[in-house]
Amino acid sequence: MAEALAKPLSARTRYCGVLGHPIHHSASPAMQNAGLGALGLDWRYLAFDVPPAELGVALAGAKAMRFLGLNLTVPHKLLAFDLVDARDPSAETWGAVNTIRCEVQAADGAWRPLREFDVPPAGPIRAQGFNTDAEALAQALREDLGLPLAGQSVLLLGAGGAGRTAALKLASEGVARLWLLNRTTDKAAAVAREIEQRHPTVSVRLGRPEADVDLVLNATSLGLKPEDPLPLAPAVLDLRRATAVYDMIYRPAETPLLRAARAAGCRTANGLGMLLYQGAKALEIWSGQPAPVVAMRAALEANVYGAP
Ligand SMILES: NC(=O)c1ccc[n+]([C@@H]2O[C@H](COP(=O)([O-])OP(=O)(O)OC[C@H]3O[C@@H](n4cnc5c(N)ncnc54)[C@H](OP(=O)(O)O)[C@@H]3O)[C@@H](O)[C@H]2O)c1
(Lines give C-alpha, C1' and ligand atoms only; values in the text may rest on other atoms or scores of the structure.)
Protein backbone atom coordinates (compact mmCIF):
# COMPACT_ATOMS: atom_id res chain seq x y z
CA MET A 1 0.00 0.00 0.00
CA ALA A 2 2.84 2.38 0.89
CA GLU A 3 4.50 1.84 -2.48
CA ALA A 4 1.22 2.39 -4.36
CA LEU A 5 0.68 5.76 -2.67
CA ALA A 6 4.30 7.00 -2.57
CA LYS A 7 5.39 9.70 -5.00
CA PRO A 8 8.34 8.67 -7.23
CA LEU A 9 11.75 9.45 -5.76
CA SER A 10 13.27 12.65 -7.08
CA ALA A 11 15.78 15.30 -6.08
CA ARG A 12 12.92 16.99 -4.15
CA THR A 13 12.19 13.93 -1.97
CA ARG A 14 12.77 14.58 1.76
CA TYR A 15 13.92 12.03 4.36
CA CYS A 16 13.21 10.78 7.88
CA GLY A 17 14.62 7.61 9.39
CA VAL A 18 15.31 5.36 12.34
CA LEU A 19 18.73 4.69 13.88
CA GLY A 20 19.31 1.51 15.89
CA HIS A 21 21.78 -1.31 16.42
CA PRO A 22 20.70 -3.85 15.24
CA ILE A 23 17.93 -2.44 13.05
CA HIS A 24 17.00 -5.17 10.54
CA HIS A 25 14.03 -6.34 12.68
CA SER A 26 12.34 -2.92 12.72
CA ALA A 27 8.76 -2.60 11.46
CA SER A 28 8.98 1.21 11.57
CA PRO A 29 9.89 1.72 7.86
CA ALA A 30 6.79 -0.24 6.74
CA MET A 31 4.55 1.68 9.15
CA GLN A 32 6.00 5.16 8.55
CA ASN A 33 6.19 4.91 4.76
CA ALA A 34 2.52 3.87 4.73
CA GLY A 35 1.78 6.94 6.85
CA LEU A 36 3.79 9.23 4.55
CA GLY A 37 2.03 7.79 1.50
CA ALA A 38 -1.42 8.26 3.07
CA LEU A 39 -0.54 11.91 3.83
CA GLY A 40 0.57 12.37 0.20
CA LEU A 41 4.02 13.59 1.26
CA ASP A 42 7.04 13.31 -1.03
CA TRP A 43 9.08 11.95 1.89
CA ARG A 44 10.71 8.58 2.66
CA TYR A 45 11.53 6.88 5.97
CA LEU A 46 14.77 4.85 6.00
CA ALA A 47 16.46 2.54 8.52
CA PHE A 48 20.15 2.76 9.46
CA ASP A 49 22.29 0.39 11.55
CA VAL A 50 24.39 2.78 13.65
CA PRO A 51 26.66 1.48 16.44
CA PRO A 52 26.41 3.53 19.66
CA ALA A 53 29.95 4.93 19.28
CA GLU A 54 28.91 6.53 15.98
CA LEU A 55 25.55 7.94 17.04
CA GLY A 56 26.90 11.48 17.38
CA VAL A 57 28.41 11.39 13.88
CA ALA A 58 25.18 9.97 12.46
CA LEU A 59 23.10 12.74 14.07
CA ALA A 60 25.47 15.39 12.72
CA GLY A 61 25.21 13.80 9.26
CA ALA A 62 21.39 13.74 9.37
CA LYS A 63 21.35 17.45 10.27
CA ALA A 64 23.87 18.26 7.52
CA MET A 65 21.74 16.37 4.98
CA ARG A 66 18.61 18.23 6.16
CA PHE A 67 16.72 15.15 7.36
CA LEU A 68 13.28 16.20 8.61
CA GLY A 69 13.42 13.94 11.64
CA LEU A 70 14.60 10.69 13.17
CA ASN A 71 13.52 7.92 15.49
CA LEU A 72 15.96 6.28 17.87
CA THR A 73 15.61 2.69 18.95
CA VAL A 74 17.66 0.21 21.03
CA PRO A 75 20.29 1.06 22.28
CA HIS A 76 20.24 4.82 21.49
CA LYS A 77 17.41 6.40 23.50
CA LEU A 78 19.45 7.34 26.58
CA LEU A 79 22.54 8.31 24.57
CA ALA A 80 20.48 10.59 22.35
CA PHE A 81 19.16 12.40 25.43
CA ASP A 82 22.66 13.86 25.91
CA LEU A 83 23.42 14.33 22.20
CA VAL A 84 20.46 16.43 21.05
CA ASP A 85 20.74 20.24 20.87
CA ALA A 86 17.38 20.92 22.57
CA ARG A 87 14.84 18.88 24.49
CA ASP A 88 11.05 19.06 24.42
CA PRO A 89 9.39 18.72 27.88
CA SER A 90 8.40 15.12 26.97
CA ALA A 91 12.11 14.19 26.72
CA GLU A 92 12.91 15.97 29.99
CA THR A 93 10.02 14.26 31.78
CA TRP A 94 10.87 10.71 30.70
CA GLY A 95 14.66 11.08 30.49
CA ALA A 96 15.01 9.45 27.06
CA VAL A 97 14.74 10.53 23.42
CA ASN A 98 13.06 8.31 20.80
CA THR A 99 12.13 11.07 18.31
CA ILE A 100 14.13 13.97 16.88
CA ARG A 101 12.83 16.87 14.81
CA CYS A 102 15.38 18.82 12.76
CA GLU A 103 14.89 22.56 12.94
CA VAL A 104 16.52 25.56 11.27
CA GLN A 105 17.09 28.97 12.79
CA ALA A 106 15.12 31.39 10.63
CA ALA A 107 16.06 35.04 10.00
CA ASP A 108 13.92 36.18 12.99
CA GLY A 109 15.95 33.91 15.31
CA ALA A 110 13.09 31.40 15.84
CA TRP A 111 13.72 27.65 15.36
CA ARG A 112 11.38 26.30 12.68
CA PRO A 113 10.82 22.65 11.64
CA LEU A 114 12.64 21.92 8.37
CA ARG A 115 9.38 20.66 6.83
CA GLU A 116 8.22 24.28 6.60
CA PHE A 117 10.80 25.04 3.91
CA ASP A 118 11.08 23.59 0.40
CA VAL A 119 14.59 25.00 0.39
CA PRO A 120 15.79 25.47 3.99
CA PRO A 121 17.38 28.84 4.81
CA ALA A 122 21.12 28.89 5.41
CA GLY A 123 20.81 29.20 9.21
CA PRO A 124 22.13 26.67 11.75
CA ILE A 125 20.29 23.34 12.15
CA ARG A 126 19.45 21.82 15.53
CA ALA A 127 18.08 18.44 16.62
CA GLN A 128 15.23 18.74 19.10
CA GLY A 129 14.56 15.57 21.14
CA PHE A 130 11.10 14.28 22.10
CA ASN A 131 9.77 11.19 23.84
CA THR A 132 6.66 9.57 22.40
CA ASP A 133 7.12 6.12 24.04
CA ALA A 134 5.58 6.88 27.42
CA GLU A 135 2.21 8.12 26.18
CA ALA A 136 2.13 5.34 23.58
CA LEU A 137 2.59 2.66 26.24
CA ALA A 138 -0.24 4.01 28.39
CA GLN A 139 -2.56 4.24 25.36
CA ALA A 140 -1.70 0.69 24.26
CA LEU A 141 -2.26 -0.74 27.76
CA ARG A 142 -5.66 0.94 27.95
CA GLU A 143 -6.77 -0.07 24.46
CA ASP A 144 -5.29 -3.55 24.15
CA LEU A 145 -5.80 -4.77 27.71
CA GLY A 146 -8.59 -2.51 28.96
CA LEU A 147 -6.47 -1.48 31.95
CA PRO A 148 -7.32 1.75 33.78
CA LEU A 149 -3.75 1.89 35.31
CA ALA A 150 -4.77 4.13 38.25
CA GLY A 151 -4.93 2.02 41.42
CA GLN A 152 -3.47 -1.10 39.77
CA SER A 153 -0.72 -3.48 40.96
CA VAL A 154 2.04 -3.98 38.40
CA LEU A 155 5.10 -6.20 38.14
CA LEU A 156 7.54 -4.51 35.75
CA LEU A 157 10.35 -6.62 34.27
CA GLY A 158 13.39 -4.62 33.08
CA ALA A 159 15.02 -1.33 33.99
CA GLY A 160 16.74 -0.36 30.73
CA GLY A 161 15.61 2.62 28.66
CA ALA A 162 12.10 1.28 28.05
CA GLY A 163 11.72 -0.13 31.58
CA ARG A 164 12.68 3.14 33.24
CA THR A 165 10.29 5.16 31.06
CA ALA A 166 7.51 2.61 31.69
CA ALA A 167 8.04 2.70 35.47
CA LEU A 168 7.90 6.49 35.59
CA LYS A 169 4.85 6.62 33.30
CA LEU A 170 2.95 3.99 35.32
CA ALA A 171 3.76 5.91 38.51
CA SER A 172 2.56 9.17 36.95
CA GLU A 173 -0.70 7.41 35.96
CA GLY A 174 -1.28 6.59 39.64
CA VAL A 175 -0.69 2.84 39.85
CA ALA A 176 -0.98 1.82 43.50
CA ARG A 177 1.81 -0.77 43.73
CA LEU A 178 4.82 -1.35 41.53
CA TRP A 179 7.31 -4.21 41.81
CA LEU A 180 10.52 -3.78 39.81
CA LEU A 181 12.59 -6.76 38.75
CA ASN A 182 15.80 -6.47 36.72
CA ARG A 183 18.90 -8.60 36.14
CA THR A 184 21.06 -5.68 37.28
CA THR A 185 19.42 -4.85 40.59
CA ASP A 186 21.21 -1.51 40.96
CA LYS A 187 19.40 -0.16 37.91
CA ALA A 188 16.00 -1.16 39.29
CA ALA A 189 16.97 0.39 42.64
CA ALA A 190 17.85 3.69 40.93
CA VAL A 191 14.45 3.72 39.18
CA ALA A 192 12.72 2.92 42.50
CA ARG A 193 14.48 5.87 44.18
CA GLU A 194 13.41 8.18 41.37
CA ILE A 195 9.77 7.09 41.74
CA GLU A 196 9.90 7.55 45.53
CA GLN A 197 11.04 11.14 44.95
CA ARG A 198 8.70 12.05 42.09
CA HIS A 199 5.62 9.96 42.98
CA PRO A 200 5.67 9.36 46.74
CA THR A 201 2.10 7.96 46.83
CA VAL A 202 3.14 4.92 44.75
CA SER A 203 4.30 1.90 46.73
CA VAL A 204 7.45 0.75 44.93
CA ARG A 205 9.37 -2.43 45.83
CA LEU A 206 12.21 -4.44 44.35
CA GLY A 207 11.86 -8.16 43.70
CA ARG A 208 9.02 -10.65 43.59
CA PRO A 209 5.47 -9.51 44.34
CA GLU A 210 4.00 -10.77 47.58
CA ALA A 211 0.43 -10.30 46.24
CA ASP A 212 -1.49 -10.97 43.03
CA VAL A 213 -0.93 -8.41 40.27
CA ASP A 214 -3.20 -6.77 37.69
CA LEU A 215 -0.42 -6.51 35.13
CA VAL A 216 2.95 -8.06 34.29
CA LEU A 217 4.81 -5.79 31.87
CA ASN A 218 7.89 -7.11 30.07
CA ALA A 219 10.33 -4.34 29.21
CA THR A 220 13.37 -6.62 28.95
CA SER A 221 14.72 -7.78 25.61
CA LEU A 222 14.24 -11.43 26.65
CA GLY A 223 11.95 -13.04 24.07
CA LEU A 224 13.47 -11.40 21.00
CA LYS A 225 15.61 -14.48 20.32
CA PRO A 226 14.20 -18.03 20.18
CA GLU A 227 16.82 -19.30 22.65
CA ASP A 228 16.04 -16.66 25.31
CA PRO A 229 14.83 -17.86 28.71
CA LEU A 230 11.51 -16.50 30.04
CA PRO A 231 11.93 -13.02 31.55
CA LEU A 232 9.80 -14.21 34.49
CA ALA A 233 10.60 -17.52 36.21
CA PRO A 234 7.51 -19.37 37.50
CA ALA A 235 9.15 -19.40 40.95
CA VAL A 236 9.03 -15.58 40.99
CA LEU A 237 5.36 -15.34 40.00
CA ASP A 238 2.90 -18.00 38.87
CA LEU A 239 1.15 -16.34 35.92
CA ARG A 240 -2.22 -17.53 37.28
CA ARG A 241 -1.71 -14.74 39.85
CA ALA A 242 -1.69 -12.09 37.08
CA THR A 243 -4.76 -10.69 35.30
CA ALA A 244 -2.97 -9.35 32.21
CA VAL A 245 0.47 -9.57 30.59
CA TYR A 246 1.90 -7.00 28.15
CA ASP A 247 5.12 -7.70 26.27
CA MET A 248 6.79 -4.67 24.63
CA ILE A 249 8.29 -7.08 22.08
CA TYR A 250 6.25 -7.29 18.86
CA ARG A 251 8.50 -9.62 16.84
CA PRO A 252 7.92 -12.51 17.47
CA ALA A 253 4.25 -11.58 17.70
CA GLU A 254 3.76 -14.11 20.50
CA THR A 255 6.75 -14.49 22.79
CA PRO A 256 7.07 -17.54 25.06
CA LEU A 257 5.99 -15.25 27.93
CA LEU A 258 2.77 -14.29 26.14
CA ARG A 259 2.12 -17.94 25.21
CA ALA A 260 2.53 -19.01 28.84
CA ALA A 261 0.32 -16.10 29.96
CA ARG A 262 -2.42 -17.05 27.53
CA ALA A 263 -2.25 -20.66 28.76
CA ALA A 264 -2.58 -19.37 32.34
CA GLY A 265 -5.79 -17.49 31.40
CA CYS A 266 -4.32 -13.95 31.35
CA ARG A 267 -5.37 -11.22 28.92
CA THR A 268 -2.35 -10.62 26.69
CA ALA A 269 -1.01 -8.11 24.18
CA ASN A 270 2.28 -7.60 22.36
CA GLY A 271 4.12 -4.33 21.74
CA LEU A 272 2.51 -3.56 18.39
CA GLY A 273 0.12 -0.97 19.83
CA MET A 274 2.96 0.83 21.61
CA LEU A 275 5.02 0.90 18.42
CA LEU A 276 2.02 2.22 16.47
CA TYR A 277 1.24 5.08 18.86
CA GLN A 278 4.84 6.18 19.39
CA GLY A 279 5.26 6.23 15.59
CA ALA A 280 2.00 8.07 14.97
CA LYS A 281 2.99 10.79 17.42
CA ALA A 282 6.46 11.05 15.85
CA LEU A 283 4.90 11.51 12.40
CA GLU A 284 2.69 14.27 13.80
CA ILE A 285 5.77 16.00 15.26
CA TRP A 286 7.54 15.89 11.89
CA SER A 287 4.60 16.67 9.60
CA GLY A 288 2.43 18.95 11.74
CA GLN A 289 -0.61 16.91 10.60
CA PRO A 290 -2.79 14.27 12.31
CA ALA A 291 -1.25 10.84 11.68
CA PRO A 292 -3.15 8.43 9.39
CA VAL A 293 -3.33 5.81 12.15
CA VAL A 294 -5.55 3.36 10.24
CA ALA A 295 -3.09 3.15 7.31
CA MET A 296 -0.13 2.90 9.68
CA ARG A 297 -1.75 0.10 11.72
CA ALA A 298 -2.63 -1.86 8.56
CA ALA A 299 0.97 -1.65 7.30
CA LEU A 300 2.34 -2.59 10.71
CA GLU A 301 0.03 -5.59 11.08
CA ALA A 302 0.88 -6.77 7.56
CA ASN A 303 4.59 -6.45 8.36
CA VAL A 304 4.40 -8.24 11.73
CA TYR A 305 1.63 -10.81 11.14
CA GLY A 306 1.94 -11.22 7.35
CA ALA A 307 -0.43 -9.96 4.66
CA PRO A 308 -4.11 -10.77 5.47
N1 LIG B 1 6.94 -1.83 21.25
C2 LIG B 1 7.65 -0.73 21.32
O3 LIG B 1 7.30 0.32 20.77
C4 LIG B 1 8.93 -0.75 22.12
C5 LIG B 1 9.48 0.46 22.55
C6 LIG B 1 10.65 0.42 23.32
C7 LIG B 1 11.24 -0.81 23.62
N8 LIG B 1 10.68 -1.96 23.17
C9 LIG B 1 11.30 -3.26 23.50
O10 LIG B 1 11.58 -3.30 24.89
C11 LIG B 1 12.77 -4.07 25.12
C12 LIG B 1 13.76 -3.26 25.96
O13 LIG B 1 14.18 -2.12 25.24
P14 LIG B 1 15.18 -1.04 25.93
O15 LIG B 1 15.21 0.13 25.03
O16 LIG B 1 14.83 -0.86 27.37
O17 LIG B 1 16.56 -1.85 25.87
P18 LIG B 1 17.79 -1.74 26.89
O19 LIG B 1 17.92 -0.35 27.42
O20 LIG B 1 18.93 -2.37 26.19
O21 LIG B 1 17.36 -2.66 28.15
C22 LIG B 1 17.31 -4.07 28.04
C23 LIG B 1 16.63 -4.67 29.27
O24 LIG B 1 16.59 -6.10 29.12
C25 LIG B 1 17.35 -6.72 30.18
N26 LIG B 1 18.09 -7.86 29.66
C27 LIG B 1 18.78 -7.91 28.49
N28 LIG B 1 19.35 -9.14 28.37
C29 LIG B 1 19.02 -9.85 29.47
C30 LIG B 1 19.31 -11.17 29.92
N31 LIG B 1 20.06 -12.02 29.19
N32 LIG B 1 18.78 -11.59 31.09
C33 LIG B 1 18.02 -10.75 31.83
N34 LIG B 1 17.71 -9.48 31.47
C35 LIG B 1 18.21 -9.03 30.30
C36 LIG B 1 18.30 -5.64 30.66
O37 LIG B 1 18.73 -5.95 31.96
P38 LIG B 1 20.10 -5.26 32.53
O39 LIG B 1 19.69 -3.89 33.00
O40 LIG B 1 20.50 -6.17 33.63
O41 LIG B 1 21.09 -5.23 31.39
C42 LIG B 1 17.38 -4.41 30.58
O43 LIG B 1 16.47 -4.39 31.65
C44 LIG B 1 13.31 -4.45 23.74
O45 LIG B 1 12.87 -5.75 23.45
C46 LIG B 1 12.64 -3.44 22.82
O47 LIG B 1 12.49 -3.97 21.52
C48 LIG B 1 9.53 -1.94 22.44
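These numbered points cover the ligand site and some backbone features of a predicted model.

1. Two elements, α7 (161-172) and α10 (272-287), each give two or more residues to the shell around the ligand.

2. Domains. Residues in that shell come from both domain 1 (2-131 + 275-305) and domain 2 (135-270), so the ligand lies between the two domains.

3. Shell composition. There are 22 residues around the ligand, and the nearest are Ala162, Asn182, Arg183, Thr184 and Lys187. Sorted by class, the shell holds eleven nonpolar, eight polar and three charged residues.

4. The side chain of lysine 187 places an N or O atom 2.6 Å from an oxygen atom of the ligand. At alanine 162 the backbone takes part instead: one of its polar backbone atoms is 2.7 Å from a ligand oxygen atom. Glycine 160 also uses its backbone, with an N or O atom 3.4 Å from an oxygen atom of the ligand. As for cover, the ligand taken alone exposes 920 Å², and the protein buries 80% of that.

5. Cis peptide bonds. Most peptide bonds are trans. In this model, the bond from histidine 21 to proline 22 is cis, with omega near 0°. Proline 22 is placed in the loop between β1 (14-20) and α2 (28-39). The bond from arginine 251 to proline 252 is cis as well, with omega near 10°. Proline 252 belongs to the loop between β12 (242-247) and α9 (256-263).

6. Positive phi. Most residues other than glycine have a negative phi. Arginine 66 has a positive value, with phi near 60°. This arginine 66 is in the loop that runs between α3 (55-64) and β3 (69-72).

7. Points to look at again. Which side chain has an N or O atom 2.6 Å from an oxygen atom of the ligand? That of lysine 187. In which loop does arginine 66 lie? The one between α3 (55-64) and β3 (69-72).

Definitions and conventions: Residues are numbered from 1 along each chain as its sequence is written. This is a predicted model: local features need pLDDT of at least 70, side-chain atom pairs count only at pLDDT 80 or more; totals for chains, interfaces and linings use all residues. Side-chain values use heavy atoms; hydrogens and water are left out. A residue is near a molecule or strand if one of its heavy atoms lies within 4 Å of it. A polar contact is a pair of N or O atoms within 3.5 Å; within protein, one must be able to donate a hydrogen and the other to accept it, and residues adjacent in sequence count only if both atoms are side-chain atoms. Accessible areas come from the Shrake-Rupley method with a 1.4 Å probe; for residues, only the protein chains shown count as cover. Helices (H or I, at least four residues) and strands (E, at least two) are DSSP runs, numbered from the N terminus. Ala, Val, Leu, Ile, Met, Phe, Trp, Tyr, Cys and Pro count as nonpolar, Asp, Glu, Lys and Arg as charged, and the others, Gly among them, as polar. Domain bounds come from an automatic or database domain assignment.
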